[in-house]
Amino acid sequence: MAFGFLTGSVLSLVEGILKILPFKSRSLAFDSLVRTTFYFVALWLIVIIIKNVLNSYSYLFISGYPATPSNTRNFDIIILTYTLFMIFIVSFINEMVSKNSPGFTMPLILGKYRFPREENRVFIFLDLKGSTHLAEELGHLKYSSFIQESIMDVNQIAKKFKAHIYQYVGDEIVLTWKLEHFDTLDAIRFLFAVHKRLEKREEHYTSIYATAPFFRAGVHEGKVTAIEIGDLKREIAFHGDTMNVCSRIQGLCKIFNKKILISGQVNQNKEITQNFKVTPLGPQMLEGKEHVVEVFAVEER
């Protein structure tokens with residue numbers, strides 16, 4: 001039990017270190033090599049520590065088990081086998097989380113969404129400003145690198161705010177949180193954190209691409225239907241009017257020349273008005289909607 005606890009603690013620590021290192025933007029092979037090296041060194045140190053403990057204090061808890069070279073070799077084989085198994089399990093879980101985004105992995109494994117179920121969620125539709133012009137100006141290869149790096153920056157902020165990345169659609173990112181234990185104020189804070197990170201890295205982007213990324217965002221909350229879809233590629237899909245409204249609100253950013261727009265439902269959280277400058281844009285008739293939707297612009301004070 002003690003060995004399992006120590007191993008789990010070290011694996012968690014190593015994983016935390018790996019997440020903040022810059023090699024994540026490199027190839028999967030390089031990623032795997034570094035990850036394996038870190039795990040091997042960390043776990044081998046555990047083996048050495050435990051062997052020394054057994055050799056020094058075996059008389060306390062292992063009766064009749066002398067620390068002979070033969071027994072030591074057997075111990076090494078057992079520990080290394082267990083270590084390889086643990087690395088496989090941890091790597092599998094990490095790949096599943098990276099593949100499906102945190103928050104969606106366990107529900108997929110447990111089959112939580114095999115049948116449709118309703119959930120209350122807040123969604124953010126993030127869209128890159130001037131993407132068509134940028135694609136023509138940079139060329140497809142350089143533009144793809146620009147998108148890749150921009151999305152990586154958004155991901156770093158998403159981790160801090162525990163956002164679930166639902167989809168990448170071209171140059172658009174869709175993020176979501178369940179409303180049960182989430183304050184929509186944090187969704188607004190997330191957006192400004194994204195803008196600040198991109199502003200800090202503006203010099204880096206302009207030196208390589210002669211421009212810096214800027215995302216417009218639409219935020220809406222409401223009830224959606226969640227269900228697992230696909231066979232060759234499985235994922236959780238969200239359906240409902242909430243998704244359509246959020247997308248349409250994001251589309252209004254260009255019309256009103258605003259970077260963040262929220263719906264009336266989101267603006268019901270009074271803390272947003274207390275922490276940010278909120279400007280009403282009036283009721284808007286959105287495409288595909290029979291009734292108008294109240295829309296508000298959000299800016300820093």
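Trainee: Which residues in H6 and H7 meet?

Mentor: Asp153, Val154, Gln156, Ile157 and Ala158 in H6 meet Phe190, Ala193, Val194, Arg197 and Leu198 in H7; contact means heavy atoms within 4.5 Å. By class, this contact of H6 with H7 has seven nonpolar, one polar and two charged residues. Ala, Val, Leu, Ile, Met, Phe, Trp, Tyr, Cys and Pro count as nonpolar, Asp, Glu, Lys and Arg as charged, and the others, Gly among them, as polar. This is a predicted model in which local features need pLDDT of at least 70, side-chain atom pairs count only at pLDDT 80 or more, and totals for chains, interfaces and linings use all residues. Residues are numbered from 1 along each chain as its sequence is written, and side-chain values use heavy atoms, with hydrogens and water left out.

Trainee: What is the mean pLDDT of the protein chain?

Mentor: The mean is 82, and 70% of the residues reach 70 or more; pLDDT is the predictor's confidence in each residue, from 0 to 100. Over residues 59-63 the pLDDT is below 50, and this stretch has four contacts in the model beyond near neighbours in sequence.

Trainee: Why is H6 called oblique to H7?

Mentor: Helix H6 (residues 140-160) and helix H7 (residues 184-200) pack at about 135 degrees, with their axes 9 Å apart. Angles under 35 degrees count as roughly parallel, over 145 as roughly antiparallel, 65 to 115 as roughly perpendicular and the rest as oblique. The angle therefore makes H6 oblique to H7.

Trainee: What makes H5 and H6 oblique to each other?

Mentor: The axes of helix H5 (residues 131-138) and H6 come within 6 Å and cross at roughly 130 degrees, and H5 and H6 are therefore oblique to each other. Ser131, Leu134, Ala135 and Leu138 in H5 meet His140, Lys142, Tyr143 and Phe146 in H6. This contact divides into five nonpolar, two polar and one charged residue.

Trainee: How do you know whether H6 and H8 are roughly parallel or roughly antiparallel?

Mentor: The axes of H6 and H8 cross at roughly 170 degrees and come within 11 Å. H6 and H8 are therefore roughly antiparallel to each other. Residues in this contact include Phe146 and Glu149 of H6 and Tyr205 and Ile208 of H8.

Trainee: Why is the pair of Phe146 and Tyr205 given its particular name?

Mentor: Rings of Phe, Tyr and Trp (its six-membered ring) pair if their centres lie within 6.5 Å; planes under 30 degrees apart count as stacked, over 60 as edge-to-face and the rest as tilted. By this rule there are nine aromatic pairs. The rings of Phe146 and Tyr205 have centres 5.8 Å apart and planes at 80 degrees, so the pair is edge-to-face. Phe146 lies in H6 and Tyr205 in helix H8 (residues 202-209), so the pair ties together parts 59 residues apart in sequence.

Key: Axes are lines fitted to C-alpha atoms, for helices over the stretch in contact, and angles run from 0 to 180 degrees between N-to-C directions. Helices (H or I, at least four residues) and strands (E, at least two) are DSSP runs, numbered from the N terminus.
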